[in-house]
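Before you read on, please take a moment with the sequence and the model shown here.

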Amino acid sequence: MPRATAPTPAPSPSSASATERDVEILRDALGPLRDREQVAARLLEASAKHSFDPDKEVDWGAPAESGKWFWPPELVSLYDTPLWRKMSEGQRMDLARHEAASLASLGIWFEIILMQLLVRHIYDKPVTSNHVRYALTEIADECRHSMMFAKLIGKGGTPSYPVPRLYHNMARVLKTVSTTPGSFAATLLGEEILDWMQRLTFPDERVQPLVRGVTRIHVVEEARHVRYAREELRRQMVTSPRWEQELTRLSCGQAARVFSVCFVNPSVYDHVGLDRREAVTQVRLSGHRREVMQSGARRLTDFLDDIGVLRGAGRRMWKASGLLA
């Protein structure tokens, strides 16, 4: 990646010992990178103003409203397929309820992975720096989100939907060996597609108020997480050695393939009385579903393309995942 440097004023003695300051201005295809400590300071300020306690902000005791969806129908995997057109309205709404639980289960799995990756990222960094303080703030956010999603699953009256054991164990390896740029690339993959869907969900008056309340909290707080991860991934792709950049491209491509497979647990079709094999086949062939997934990923894939992540074999893996046109 291109890189330019320019002298910057030396930090004061007090700040030099307490913070990790950039000693040069870094630049990539998107322009100069912002100072790491300044970015974290702004995110900490935003967190102080706009953080939520789901136990207090969401009305967990309110009953579900008749005739309202647990997930927007256009975002349900089978929407506009031949099978969807044969289903009753009640069966469609039931599938949406189970898919909402599947996505919440996926979110919990992913956030547990993210928390471990963040702890590994800050382990050797100055503990009083804004950068570390914000990482700890984000970890606290993700703890609340995981509990919130678990509570949502329970209120929806569905089972939880863990990812297949193979991918569960693959993530165990990722959490242990992932390099820093790979960790932040995977973070963005898990955050941005779900965030796109939730931005369509929380203002949708067809959707259950409980689901809208949960997604509103998640969207507001995830915006900060995405900013933190994007800034750090840009920095890592500029400063990392070439082998690590190449590894990031491959690991990110593999993560996209796993994510696309795990996005909806096929067991949801069993629970609403559908033939699993037929449902999975129709989802795979659905042009609408393909457009939904690619639209959800487009902002992320544009960003990854700009900073040099979507290249070579990694790009081909993204295409194979169906998330990149």
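Predicted model: local features only at pLDDT ≥ 70, side-chain atom pairs only at ≥ 80, totals over all residues.

1. The lining of the second largest cavity divides by class into 3 nonpolar, 3 polar and 4 charged residues, where Ala, Val, Leu, Ile, Met, Phe, Trp, Tyr, Cys and Pro count as nonpolar, Asp, Glu, Lys and Arg as charged, and the others, Gly among them, as polar. The residues that line this second largest cavity are Gly107, Phe110, Glu111, Glu142, Phe149, Gly190, Glu191, Leu194, His218 and Glu222, and at least two of the lining residues come from each of α5, α6, α8 and α9. Its volume is about 80 Å³.

2. Residues are numbered from 1 along each chain as its sequence is written, and side-chain values use heavy atoms, with hydrogens and water left out.

3. The terms for the spaces need stating with some care. On a 1 Å grid over the protein atoms alone, a cavity is a set of points where a 1.4 Å probe fits but cannot get out, whereas a pocket is an open set with protein on both sides within 12 Å along at least five of seven lines, and lining residues have an atom within 4 Å of a point. Grid points are joined across faces, edges and corners, and a volume is the space filled by probe spheres set on the points. Helices (H or I, at least four residues) and strands (E, at least two) are DSSP runs, numbered from the N terminus.

4. How many cavities of 30 Å³ or more does the count come to? The count comes to 4, and the largest cavity has a volume of about 110 Å³. Among the residues that line the largest cavity are Phe70, Trp71, Phe149, Leu194 and Gln198, and the elements giving two or more residues to this lining are α5, α6 (130-156), α8 and α9 (209-239). By class, the lining of the largest cavity has 10 nonpolar, 2 polar and no charged residues.

5. Turning to the open spaces, the largest pocket has a volume of about 690 Å³ and is lined by 27 residues, of which Ser260, Val261, Val280, Val283 and Arg284 lie nearest its centre. Two or more residues of that lining are given by each of α5 (89-122), α10 (242-262), α12 (276-285), α13 (287-306) and α14 (312-321), with α13 giving the most, at 4 residues. The lining of the largest pocket holds 16 nonpolar, 8 polar and 3 charged residues.

6. The second largest pocket, with a volume of about 440 Å³, is lined by 25 residues, and those nearest its centre are Met170, Leu174, Ala186, Ser251 and Ala255. Here α5, α7 (165-177), α8 (180-201) and α10 each give two or more residues to the lining, and α10 gives the most, with 8 residues. The class division for the second largest pocket is 17 nonpolar, 8 polar and no charged.

7. Helix α8 has 22 residues and reaches 32 Å from its first C-alpha to its last, close to the 32 Å expected at 1.5 Å a residue, the expected span being 1.5 Å times one less than the number of residues. Because 18 of the 22 residues of α8 are buried, this helix is largely enclosed by the rest of the structure; buried means under 20% relative accessible area, exposed over 50%, and partly exposed in between (1.4 Å probe, protein chains only).

8. Helix α2 (residues 36-49) has 14 residues and reaches 20 Å, close to the 20 Å expected. Its buried residues are Arg36, Glu37, Val39, Ala40, Leu43, Leu44 and Ser47. Seen down the axis of α2, these fall within an arc of 155°, so they line one face of the helix, the arc being that of the directions from the helix axis to the C-beta atoms. The face turned away from the buried side of α2 carries the exposed residues Ala48 and Lys49.

9. On the cysteines, the count comes to 0 disulfides, a disulfide being a pair of cysteine sulfur atoms within 2.5 Å. Cys252 is in no disulfide, as the nearest cysteine sulfur, that of Cys262, is 15 Å away. Cys252 counts as buried at 3% relative accessibility, and Cys262 counts as buried at 6%.
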